[in-house]
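Thank you all for making the time this morning. I would like to walk through one model with you, going from the overall fold to the sheet, the cores and finally the charged pairs.

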Amino acid sequence: MRKKLIASVAGISLLLGASAGVYAGANLETIQAYLNHTLTVKVNGVPAQLNDEQGNAIVPITYQGSTYLPVRAIANALGVAVDYDVATTTVLLGEKVDGISITGEEYDGGSYLTSDPKRTIYQNKDYKEVLYNNVEDNSSNGSGSFMLTPDKKYQKLYLQAAAINKEFEISIYESGTLKLLKQDTVTVEDKMKTIEANIGGISDVYIEIKGSGGGFVIPLTTSYYK
């Protein structure tokens, strides 16, 4: 059975998954629609439960013969980033209004993680928390590897990196398949370089650094997903 819905502010909030306050003063029109409880959604053949930001189950609506799916719930089911830009009243698919810092993420960074000011300060800026490796501190050649877990929530990874004394090569892979997503060289002259990689639909990312006798600094506070 389909349940009738008067879709104005509440109806549009259902579709996007944003708070009703976002739409105050917007150009809205009241319509008469139906909650469609009979429709099911499958992603790659697997049934998907549509939920709002709080995890509550939500259903599509049917209006004048067309069925409308909740944008945020569908984006989450497909592993596509979704956001709402209040300033321009624009729904953003595939990007975020603000980047999400990788700081605090549970990742495998080996012994490189540090908040020691002797290592977090680079070019007179304190990045607070970094991944750091330097050939002067150990027997390595300045190489290293670590993993991040975007969990299919984002489209882009913006990873900042700086070379200590000598350049290094950095490669970003999809973990498991080892599909190369991005490869770049960071030189001392680059200072703090931003490396952009497409990570849409990817759960885990493996990052490998091949040093040449120097070291690296990767700030977590200014590296982010989007």
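Let me begin with a definition: helices (H or I, at least four residues) and strands (E, at least two) are DSSP runs, and they are numbered from the N terminus. Counted that way, the secondary structure of the chain comes to 3 helices and 21 strands. Please keep in mind that this is a predicted model, in which local features need pLDDT of at least 70 and side-chain atom pairs count only at pLDDT 80 or more, while totals for chains, interfaces and linings use all residues. Residues are numbered from 1 along each chain as its sequence is written, and side-chain values use heavy atoms, with hydrogens and water left out.

For the chain as a whole, buried residues make up 38% of the 226 residues, where buried means under 20% relative accessible area, exposed means over 50%, and partly exposed is in between, with a 1.4 Å probe and protein chains only. If we take contact to mean heavy atoms within 4.5 Å, then among contacts between residues at least 6 apart in sequence, 67% join residues at least 24 apart.

Turning to the sheet, I will say that two strands pair if DSSP finds at least two bridges between them. An open sheet is formed by 4 strands in the order β14-β19-β16-β17, with antiparallel pairing. Its edge strands are β14 and β17, each of which pairs on one side only. Within this sheet, β16 (residues 168-174) and β17 (residues 179-186) run antiparallel and are joined by 7 bridges. F168 stands opposite V186 in β17, and E174 has K179 in β17 as its bridge partner. The hairpin of these two strands has 4 residues between them, and there G176 takes a positive phi near 95 degrees.

What about the nonpolar cores, by which I mean sets of buried Ala, Val, Leu, Ile, Met, Phe, Trp, Tyr and Cys residues joined through side-chain atoms within 4.5 Å? The largest has 26 residues, and L157 and I207 touch the most other members. The elements giving two or more residues to this core include β14 (144-148), β18 (193-198) and β20 (215-219), and the largest share, 4 residues, comes from β15. Apart from this core lies another, of 8 residues, among them Y122, Y127, A162 and I164.

Finally, the charged pairs: which of them form salt bridges, meaning a side-chain nitrogen of Lys or Arg within 4 Å of a carboxyl oxygen of Asp or Glu? A search of the whole structure finds 4. In one of them, E196 meets K156, with the closest N and O atoms 2.9 Å apart. Because E196 lies in strand β18 and K156 in strand β15, this pair ties together parts that are 40 residues apart in sequence. E196 is partly exposed at 34% relative accessible area, and K156 likewise counts as partly exposed, at 24%.

The side chains of D184 and K193 also meet in a salt bridge, at 3.1 Å from N to O, and salt bridges that share partners join D184, D190 and K193 into one network. D126 and K128 form a salt bridge as well, at 3.7 Å from N to O; here D126 is partly exposed at 30%, whereas K128 counts as exposed at 54%.
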